[in-house]
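Hi everyone, thanks for having me. Let me put the structure up on the screen, and then we can walk through it together.

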Amino acid sequence: MGKGPGPIHEIELEVNGDTIHRAVSARQLLIHFLRDELGMRGPKIGCDTGHCGACTVQYNGKTIKSCMMLAAQADQAEIRTAESLAGPGGELDSLQEAFRSQHALQCGYCTSGMLMSAKFLLERNPSPTEEEIREAIHGNICRCTGYVNIVEAIRAAAGEEVSA
Amino acid sequence: MTAPTRTPVEAPTFVGQSMPRKEDERLLKAQGSFVDDEGMHRMGYAHYVRSPYGHAKILSVDTSKAEAMPGVITTLVGDEVKAMTEPLFQFAPREDGSQVIEYLLAVDRVRYQGEAVAVVLAETRDQARDAAEAVEVDYEPLPVLLDGVEAADSSAPVLHDSLGDNIAWKSMFDWGEVDLALSNADHVVKIDKLHFHRYSSTPLECSGVLVNWDPGTDMIRVVSNNQFPMFGALVLGPSMGVGVDQFDFVSQDIGGGFGIKINNYTHIGVLALLSRKARRPVKWTEYRTEHHQSAGHGNERTFTDIEVPVMADGTILGFKMKAFDNAGAYLHYEPLGAVIWSQVVPGPYKFKHVQVDYTETLTNKCPAVPNRGYSRMQHIWLVERIVDLVAQELNFDPVEIRKKNYVQPEDYPYTTPNGCVYDSGNLPAALERVLELIDYEAALQKKKEAEGTGKRIGIGIGTTLDSGTNNFGQSRILNPELPFSGNGEACTAMLDLYGEIMLKLGTNPQGQGHETTAAQVAADILGVSPEDIRVWAGFDKSHSTYIGFSGTYASQFAVTGINAVIGATEKLKNEIITVAAAVFGVDADQVELAGGSARLKDNPEAEIPFIGIANMVFANNAELPHHLAESISLTCRHVYVPKFEVPDTDKKYGNLTLTYATQTHAAVIEVDEETGKVEILDYAVVDDCGKRINPMIVEGQVHGATAHGIGAALKETFEYDEDGQLLTSNFLFYHAATSTDVPAIKTDAIESPSPFTGTGAKGMGEGGGAPLHTICAAIQNALGKDAPIVDDSHNPPERVWRKLNWQGSPDERGVTVLSTSEA
């Protein structure tokens, strides 16, 4: 299922630490591979044009929008999705915990992509300014929160004092 | 066996606390369940064939090539749907019985770009998409009609032959004596035309349906993200010839709805028919372009011939106008919007005389459907434009004229000219506070200092009402024969076998935190912590409780849903106490609940944990008196019903809504004279929704509604070209507000408890579109009296630039004043 007509490519990649080996259709997008083939729920589809960011994952250490890449291109790649964030016992990591305490999610549909963009920011810049935070997540559309509490949550995760 | 662990609770008052949400952990860990996460054994994937034309005859539909393609299971076309269903239910047929005829797929004619003509089912998504491309539809293009005012003209091309014209619904609303007021007023302010544009809150998750029409049981299992499935069932049942009892509607997590997802019932219907034909489950996930072209747009409305009587002291007596609502090609939920605006006839003001000649027209645009602020925000935008233009043209201070005309704190409960009862509020205090938040005096100073710099400062105020818990009796103003009135919601509160506490709601939340607030309320009643209560996530008709109004829409959970929770939980509490009192051999009033036990008030050591109560009722009932064993179920359903009467449909008079939350916004903007670009320098909101059950959630709703309004005011619009092609059919062209578009919104709250809801809470989820009012006011303030009026709710740089560079005569600005006496 999920494979359309056309050539098939064998790919091997690492997703959240697991080695995955699959045959994929040349036309299959990475987002459809992650969702339909691997059954992942973190990366989501909101727009089909690379604007909404719901499908954001880490690809070889950088954030990408997984709707903008073919699964076949991900051969030999290392991919991290929002499923990788919580600890081994299921405990929330500090960024997830900050999202929870700051009410930085409502419907939760943008959340996985937003977390991945925020994680990438904090890994490179542990003390971002509000402007840097807004810039870092401006490719992730959220239609519920107005971004106010998302910015607060990322500040809180960076160790800044924010009002709860 | 051991009792579930209870968190010790002393004098619990969880209501009113900003508690983190129960929903969040699964969503943060990517363990939510949205519709596209779900599947069924042997499912096929559906893909629609949609009209590329805004208006055309369908000459033929040929699916033979598509059906021969690899993996294709079957197809469904309009003629087949016509043969197996009745046209969809219409709210307001004309007196002669004529009405819009619509089937679940287009028959003979398409009336908007993106209208579904056929649907293909295949083994994979890609095969379905490829095969849909191979369906050959022969069209003959027809003239396109887009303007909602022109559509009312008798010379306009007619979209629906069954009607003979393009009028979806039309009526005069007339309260007070507006002509007398106009003749007695010191000034009459005339505004030529105001236009509220089309946009949508565009939920990030598009629509999705997974449906199986089981050939053996005839049951139709629907996993979807529809936010008001009972409405869908009421419309679909008669059309499809099925009973509502055949539908099992299921949804867990929904990726935003904002009203738009009321409309996806049409897909539930057509995909169910496809499933029946294929004898296979059908999965369909909407693409973003499909969503923009066809999922539904917010109402576009044009107001013309506006006349406003004003007294010398700044008292505004009311207004008279014509309104033209552009419903698009079909009536989905519409024309309900044609009466829903009348929940807020005078806005937040004491206007006494209002006359509205209201016409809803059909055009070759996507159908209009409820969108956050549905129908009321368009009207309040008009009211706020009136107030600001009166202030500007007659040299009143925009703050003072509001304070003078507001419904005052001592006026509540306040009856409007059409019989609506505003329950509570304190608008002057909210205005004072919001002006403090933006430092109004400093902003005025800044405005002065900016003169001549090429950057203009504008200050805008927007007051709005977020009416909630509507009286469905207002639908009878459309059509007195409609069998709808009142409102309500249901809840079941239960103990399970080991004393676990469960709540089952009738709602389909899309991020509003119902699991959390329901648990807060129930925890206080049962003397436990919200952690101890499992609120079943989402809605499943097979186990959830519901009534015909159940769903999540129209700013009402805090009233209808919460009161249902309270009622059900109180019943459960009474049952627990009744069992305990029987065991203790005392009267019920000697027993209280605390820490997950029933105990004697005068001897707290004597207690029975809930597990013991549950044991006796469910598995040990010989220990109970027989009459109790048969009458106690620990499964307590309650339906909350607000007190409403059926409105007087002749006078269009009656209480249409139970609660009126208020929001007062203020903005300071900077307008670049060179480009017309508007930048928000400061933005503040004061919300008053009565008693807040969870202030954090309330504030989150305020933020979200504010962002939608800011986006709509400056960035978001559904524009068609002259051929009826939507120009903003994806997020490249439709600029949904991003983190760099929305400022750091300052918020504060005051609480004016509602006297009508028991808890004092009011619905508040829609926010009343206040940023549109506010930003338009601020742009007007920046432009001043030398420029044309801000006459559109959407103001991209080009539109502002044109006004900045306008060189017409003063009487062409769109507003004139007639003064009959010296003011």
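Let's start at Gly488(B), which touches Ile547(B), Phe549(B), Thr560(B), Val639(B), Tyr640(B), Val641(B) and Pro642(B), leaving out residues up to four places away in sequence. By "touches" I mean that the C-beta atoms of two residues, placed from the backbone, lie within 7 Å. Before going on, a word on the source: this is a predicted model, where local features need pLDDT of at least 70 and side-chain atom pairs count only at pLDDT 80 or more, while totals for chains, interfaces and linings use all residues. Residues are numbered from 1 along each chain as its sequence is written, and chains are lettered from A and ligands numbered from 1 in the order in which they are written.

Back to our glycine. Where does Gly488(B) lie? Gly488(B) is in the loop between helix H14 (475-478) and strand S19 (489-495) of chain B. Helices (H or I, at least four residues) and strands (E, at least two) are DSSP runs, numbered from the N terminus. Is Gly488(B) buried or exposed? Gly488(B) is buried, because 20 other C-beta atoms lie within 10 Å. The cut-offs are these: a residue is buried with 20 or more other C-beta atoms within 10 Å of its own, exposed with 12 or fewer, and partly exposed in between, with C-beta atoms placed from the backbone. From Gly488(B) to Gly567(B) is 79 residues in sequence and 12 Å in space, C-alpha to C-alpha.

Now step back to the domains of chain B. They are domain 1 (24-32 + 488-640), domain 2 (35-142 + 207-285) and domain 3 (171-200 + 296-473 + 647-816); the bounds come from an automatic or database domain assignment. The centres of domain 1 and domain 3 of chain B, taken over C-alpha atoms, are 41 Å apart. Their contact takes 17 residues from domain 1 of chain B and 20 residues from domain 3 of chain B. On the side of domain 1 of chain B that touches domain 3 of chain B, helix H15 (514-526) and helix H16 (557-584) of chain B each supply at least two residues. H16(B) gives the largest share of that side, 6 residues. By class, that side of domain 1 of chain B has 8 nonpolar, 9 polar and no charged residues. For these classes, Ala, Val, Leu, Ile, Met, Phe, Trp, Tyr, Cys and Pro count as nonpolar, Asp, Glu, Lys and Arg as charged, and the others, Gly among them, as polar.

Next, where the two chains meet. The contact takes 46 residues from chain B and 45 residues from chain A. On the chain B side, helix H1 (24-28), helix H4 (125-133) and helix H19 (695-714) of chain B each supply at least two residues. Which helix gives the largest share of the side of chain B that touches chain A? That is H19(B), with 7 residues. The side of chain B that touches chain A divides into 19 nonpolar, 18 polar and 9 charged residues.

Over to chain A, and a pair of helices. Helix H2 (residues 94-101) and helix H3 (residues 111-124) of chain A pack at an angle of about 125°, with their axes 10 Å apart. So H2(A) is oblique to H3(A). Axes are lines fitted to C-alpha atoms, for helices over the stretch in contact, and angles run from 0 to 180 degrees between N-to-C directions. Angles under 35 degrees count as roughly parallel, over 145 as roughly antiparallel, 65 to 115 as roughly perpendicular, and the rest as oblique. Leu95(A), Gln96(A) and Phe99(A) in H2(A) meet Thr111(A), Leu115(A), Ala118(A), Lys119(A) and Leu122(A) in H3(A).

Finally, some backbone details. A cis peptide bond joins Glu334(B) and Pro335(B), with omega about 5°. Another bond, from Tyr412(B) to Pro413(B), is cis with omega near -10°. Asp48(A) has a positive phi of about 75° although it is not a glycine, and Asp48(A) counts as partly exposed, with 19 C-beta neighbours inside 10 Å. Thr202(B), also not a glycine, has a positive phi of about 35°. With 29 C-beta neighbours inside 10 Å, Thr202(B) counts as buried.
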